[in-house]
Amino acid sequence: MQTHAAKRVEIIIEAPMERRLTAALEKAGVTGYTVLPVLGGTGRSGTWSREGQVGRAGGMVAVVCLIRAERLDGLLDAAFAVVERHIGVVSVTDCQVLRAERF
Amino acid sequence: MQTHAAKRVEIIIEAPMERRLTAALEKAGVTGYTVLPVLGGTGRSGTWSREGQVGRAGGMVAVVCLIRAERLDGLLDAAFAVVERHIGVVSVTDCQVLRAERF
Amino acid sequence: MQTHAAKRVEIIIEAPMERRLTAALEKAGVTGYTVLPVLGGTGRSGTWSREGQVGRAGGMVAVVCLIRAERLDGLLDAAFAVVERHIGVVSVTDCQVLRAERF
Amino acid sequence: MADILTLAAGNLLSPIILSFALGVAAALARSDLTVPEAAAKALSIYLLFAIGFKGGAGVAAHGLDATLLLALLAGLVLSAGIPFVAYALLRAMTRLGPVDAGAVAGHYGSISIVTFVAASSVLASQGIAAEGFMVAVAAIMEAPAILAALWLVMRRGGQAEMEPGLWREILLNGSIVLLLGAFAIGWITGPAGLAEIESFIVSPFKGVLCLFLLDMGLVAGRNLRGSRGVITPGLLAFGVLMPPIGAVFGLILGLGLGLSLGGVVLMMTLAASASYIAVPAAMRVALPDANPSIYLTLSLGITFPFNLTLGIPLYLAAARLVTGG
Amino acid sequence: MADILTLAAGNLLSPIILSFALGVAAALARSDLTVPEAAAKALSIYLLFAIGFKGGAGVAAHGLDATLLLALLAGLVLSAGIPFVAYALLRAMTRLGPVDAGAVAGHYGSISIVTFVAASSVLASQGIAAEGFMVAVAAIMEAPAILAALWLVMRRGGQAEMEPGLWREILLNGSIVLLLGAFAIGWITGPAGLAEIESFIVSPFKGVLCLFLLDMGLVAGRNLRGSRGVITPGLLAFGVLMPPIGAVFGLILGLGLGLSLGGVVLMMTLAASASYIAVPAAMRVALPDANPSIYLTLSLGITFPFNLTLGIPLYLAAARLVTGG
Amino acid sequence: MADILTLAAGNLLSPIILSFALGVAAALARSDLTVPEAAAKALSIYLLFAIGFKGGAGVAAHGLDATLLLALLAGLVLSAGIPFVAYALLRAMTRLGPVDAGAVAGHYGSISIVTFVAASSVLASQGIAAEGFMVAVAAIMEAPAILAALWLVMRRGGQAEMEPGLWREILLNGSIVLLLGAFAIGWITGPAGLAEIESFIVSPFKGVLCLFLLDMGLVAGRNLRGSRGVITPGLLAFGVLMPPIGAVFGLILGLGLGLSLGGVVLMMTLAASASYIAVPAAMRVALPDANPSIYLTLSLGITFPFNLTLGIPLYLAAARLVTGG
Ligand SMILES: Nc1ncnc2c1ncn2[C@@H]1O[C@H](COP(=O)(O)O)[C@@H](O)[C@H]1O
Ligand SMILES: Nc1ncnc2c1ncn2[C@@H]1O[C@H](COP(=O)(O)O)[C@@H](O)[C@H]1O
Ligand SMILES: Nc1ncnc2c1ncn2[C@@H]1O[C@H](COP(=O)(O)O)[C@@H](O)[C@H]1O
Ligand code: NA
Ligand code: NA
Ligand code: NA
C-alpha cells in the first residue's frame, strides 16, 4: 500500500483554549484535525481530573493534526502563539499517511 | 528494558464504520486494537462535534493498533478497503513496544 | 520553531491499575502525563467495551507521557513493574516537543 | 381556520416548542451551551422506553382490534412508498444527483420518533385518545424506507453497499429494539405495570421532552450554521412541502383503516416526519458518497422544526375536518 | 408451592424483570442498543443514594433496636464465611485452579446491591416491611469476602498482591461510601428529610430501576455472548446452586437474630447474591492471573439473573414457610 | 440569635447540606466515588432550566413591577463594584500579586448559581416568597465582574488578553443562556406552562439538588486535597470574610429597591457568592498567568461551603432583623 511521509502533531491544551487553537490552526492553513477528550493529567501545575466537573476551566483536550512536513512550521508557529502563555504540551512525530492528497 | 520495533497505526473513522473496520482488521490477522472516543474534528467535509448527538452517524472514533512491521501491509490493505469510500484518516508511526510476544 | 527530541510513551492499561501506574511513574521522576479515555478494544483476553458499564474492572485507559530520552529507561522499568502481570500494551515513539524545559 | 391558528399559536408557545427554539437560538448565536452526548442519549432512551411502554399498556387496556395488523401493513406501505414520491419530487425540484436524492428520499420514508412523541403530547393535552399500537407502527416504519431508497439508487446505476450485516444493523438498531421492547413490556404488564412506574414514565415525561428538544434545537442550530450554502431554495421548498404530502398519504390510509382521530393524526405525523438518527447512520454505511450535510440539514434543520411547529397542528386540523371529529 | 409459582410468575412478568430480559435479548441479538457509561453510572448513583437514604430514614422512623450490631456482625460472618463454602464447592464441582476458584469465591461472599434493591422492591410491592438497617448490612458485606478469598488463594501458594493501597480502595470504594453516606443522611434527617426528597427518591424509583436493569441486561448479555466456551456445565451448576446455599446461611442467621420476615428475606438475598462491581475491580488488582471472564460471567450472567427471576421469590417463600409469616 | 442558630442547625442537617458534606468527606478520604462529567453537566442543566423556568413563571404569575429594571441595575452595580472591594481586601490581607488578586476579585463579583438555588430552597422551605425576576438578576451578575477584574489587572500593568471573541463567550456562556432562556420560557408560558412540567421541575428538584451537591462536594474536596499549601491563613480569612461583606452591599441595595424579604436574601446571597464555573473559564483565557488553584479553591473550597452552611442562614437572619419580616 502506497504511503506518504507526513507529521503527526499532538497538542494537549486547556479546554477553554480549544476554539482559539483550532481557529489559529485553520488560519495557518491546516485543513483537518481531530479533537480527543482527555480524562485527567498531571503536570507542573498539579493534578486534575474531569470527573464531576461542570465547567470547562478544569479540563483539557487533545488535538491531533496530520500535516505535510512542509506545512509543519506554519502550524507550530500558530499553535505556539496560542499555547505560549498557557499550560499544555505539543509533540510532533514522523508518520506515514494513506491518501496523501487529503493533507 | 528490552523493546522491539513495531508500527503504531491510527485510524480515525466514522462511527458507523467501526464494526466493519475492526472486523476487517481481525480478518487480516490483527490480534489487538484499542478504540478511543473522538469529540469532534474538521476536515474536507466540514466540522462536526459529538455534543448532544444521539445517533452514531455524526461521530467518529480512533482505532489504535500496534503491530509487527511485517504485518503492516496486510493491515493497511484491510483498513483501506473499508476506509476507501469513507471519510477518515490513517497514519502509521514507527514505535517500540514492550512484550513483543503479544503482537 | 525550535523543537527538541523526546519520547512519547503510550500505555494502555486496565482502569483499576491507573492509580498504581501513575504513582509508579511519579516515583520514577516523571513530571507529567495525560490520561485519555478508551471506549473498548480487543486483545488476547477477548473483546471489551465501556458501554453501560458501572464498575471500573472492565475498562481501560490510555496514559500518554512525553519524556526526555535519558529518562525513558526509568519510566519503562516503572511502567513494566506495574503492567507486568496485567493486560495492557506499552509503546514508545520518537517525537519532537516544543518548550523542552517542561520535560 | 381560526381554530388551526389558535392551536398553532398555542402549540408554538408551549414549553416544548420554546425549548427547541431556545436551543436553535443558542446554537445560532454560537453560545457554548451543550448537552453532553451521554445525557442526550440517556434522554432519548427514556423517551423511547416511556412512549413504547405507554403504547403497549394502552393496547393491553383497550384490547387489540384487528386493525393492528392492517395498521402495521399501512406503515410498511407508507415507509416503502413515500421514498418514491420524495425521489421524484427531489429530481424535479432540485439539482440533487441520484445518490443524494435517494439518500434524502430514504429519510422521508422513515420516521422521527420525537416528532411522534411531540404529536402524542399535543393529542394528550387536547384530550384526544389514540391507538396504543401506533408505537408499533412507528417502529415498523423505520426500516423499509432504507430498502426503497437503496433500490432507487441502484436502479440509477449508483453504488450502494448492501452487505448482509447492514440489514441486521438496521432492523435491530437500538431505537427500534427499545421501542418495540418497551411496547411489549407495556403490553404484557398492562395497566398494573404502568401504575408501578407511572411516576417515572408519565408525570415527568413532558419536562424531559423539553430538555431533549432543547438539545435537538442545539444540534439542529449547529447543523444549520455549519451547512450554509448546502440548502438551496429548491431543497428548502422540498423540506416544507414533503411533510404535508406525506401526511396526505397518512391521512388516506389512516381513514381507510378506520383509525380514531388521534390515530389518524399520528399516522399522518409518521408519514410526514423524516428520520435523523437511524437512517443517517445506515446511509453513511450504504451510500458513503451521499453528502450527509444535505440529508441531515433537511431532516433535522427544516422538516423537524416545520412539523414540530406548524405541521402537527395542521395535521390535527385536517384530520378533524375530514373525520368531523 | 402454588404460591411460590404464582409469586415467581408475577415476579417474572414485572416491568423490572422484563426490562432486564429485554436487555439480554437485545445484546444476544447483537442490537446496537447501549446505555452510555455515564448514564449507567448516574443510574447506579441514584439507586445507591435512594436505597441508602430510605434505609436510614427507616431506622430513624422505627428506632434502632439492638439487633443492628448483631446483624452487622452476621453480615460480616456471612461475607467472610461463604467464600470458604464456595471455594470448596468450586474445587469439587469444577476444574478451576486455586486462583480462579478463589476469585470466584470472593464474588459470592460479597453482594450485589441491585439484587438487594430488586428484593426490596418485591417486598414493598407485597407490603412486607423490612429493617431499614439492612442497607448497612449490605454495605458491610462488600469487603470481608475479598479478604477471605485472597487468604484462600495464598494458602494454596497462589500469588495475591495485597498492598496497603488496595485495602483503602476496597473499604472506601464509591458504592460503599455512597450507600453508607446516604444511609447516614437518611438516619440524621429522618422522615422529615425523606419527605423533602420523596418525589425524587421514592416515586420514580421503580422506573429508574427498570432502565438500570435494561442496562444490566445489555451488559450481561454481551458478557454471555463474549464468553462462550468459558462456562462449563460444572460452572453453570455452581452459578445456580451457590445462591440457594448462601441463602440458607442467610436464613439461619436471619432467624437467629429474630429479624422480621422482610429482614430475613433481605439477609438471604444478600447471602445469595454475588458482586459484579466492587469485587471484580479488586480482583483485577489483587489476582491479575485470575480469568475475569469466569467470575464476571458467573456473577453477572448466571447468578444475577437467577436471583432476579427465581431466587428472590424462592427465598421469600422459604422465609414465609419457616417464619410462618 | 437563638433563631439564627436554630435555623443554621436546621440548615446544616438538611439532606442538601449533608449530601455536600458526604461528597467532601469522600473526596478527602480519597474514596473513588465520582459522578461522571456528563452526569454532572446534565444535573446542572436541569437545575438551571428549572430555576430559570420557575422564576419566569413567577414573574408571569405576579406581574412585573417596575422594580425589575432597577434590580437588574443593582445587580450590575454589585457585580462590577464588588471586585474593587475584593481586590483592595486581597491586596491588604494577602500577598497575592495584582494578577492573582484581580482574578480572585472577579470571581467574587460574579455569582454561584447553586448557592442561589440553595438559598431559594431554604426560602421555599420557610415559606418565604421571593421575586421571580431575581433569576434574571443572577444572570446579569455573571459577566460585569470579569470586566472589572480585567480592568483592575491592566491598570496595574498586568497583561490581560481581551480579545473580542472572549466577550461573546462570556456573555453567551451556556449557563447564562440557559438560565435566561428558561426564564423567558417560564415567563411566556406562565403558570399554565409550569403546571405542564411541574412534576419534572418542581417535585424532584430538591432531590436532584442533593445529588448535584454531592458532586460539588466531591469536586470541592478533591480541590482542597490538591491545593494544600496554596491557601494561606490570609486567603482563608478572605474566603469567609468577603461573603458577608458582599452580602451587606446586597442588603443595602435590596432594601433600597424595596424588595421583599425573600428578594433581599437572594440579593445578599448573589452578592456573597463567588463564581466557580463561568469566571474560571474566562480567567484561563484572559489571565493565563493567574494561578487557578487559588481562585478555584477560594471560591469552591471555602466560600461555597461557607455560604451553603452558615452564610445563607446568616443572611436570612440579618434581612429579617432589618426588614422586621
Ligand atoms: N510530560 C508530559 N506528558 C504528557 N502530558 C503532559 C506532560 N506534561 C504535562 N502534560 C499535560 O499537560 C497538562 C498541563 O501541564 P503543566 O502545564 O505542566 O501543568 C497536564 O495536566 C497534563 O495533562
Ligand atoms: N489532517 C487531519 N488530521 C487529523 N484529523 C483529520 C485530518 N483530516 C481529517 N481528519 C479527521 O477526519 C474527519 C473527516 O475528514 P474529511 O474526510 O477530510 O472530512 C475530520 O472531521 C477529522 O476528525
Ligand atoms: N496490538 C494492540 N494494539 C493496540 N491495542 C492493543 C493491542 N493488543 C491489546 N491491546 C489493548 O489492550 C487490551 C488488553 O489486551 P490483551 O492483554 O491482549 O487482552 C485490549 O483490549 C486492547 O484495548
Ligand atoms: Na416519514
Ligand atoms: Na453473597
Ligand atoms: Na458575588
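**Exercise 1. Find which residues coordinate the sodium ion (ligand 5).**

Step 1. Look around the ion: Tyr108(E), Ser110(E), Leu270(E), Ala271(E) and Ser273(E) each coordinate the sodium ion (ligand 5) through O, at 2.4 to 2.8 Å. Donors are N, O and S atoms within 2.8 Å of the metal, or 3.2 Å for Na, K and Ca; water is not among the atoms, so sites may look incomplete.

A word on the model: it is predicted, so local features need pLDDT of at least 70 and side-chain atom pairs 80 or more, while totals for chains, interfaces and linings use all residues. Residues are numbered from 1 along each chain as its sequence is written, chains are lettered from A and ligands numbered from 1 in written order, and side-chain values use heavy atoms, without hydrogens and water.

Step 2. Read the spacing of the donor residues: Y-x1-S-x159-L-A-x1-S.

**Exercise 2. Describe how chain C meets chain B.**

Step 1. Count the contacts (heavy atoms within 4.5 Å): 26 residues of chain C touch 23 residues of chain B.

Step 2. Look for a salt bridge (Lys or Arg side-chain nitrogen within 4 Å of an Asp or Glu carboxyl oxygen). The rule finds 1: Glu10(C) with Arg8(B), closest N and O atoms 2.7 Å apart.

Step 3. Find the main contributor: E6(C) gives the most to this side of chain C, with 6 residues.

Conventions:
Helix = DSSP H or I, 4+ residues; strand = E, 2+ residues; numbered from the N terminus.
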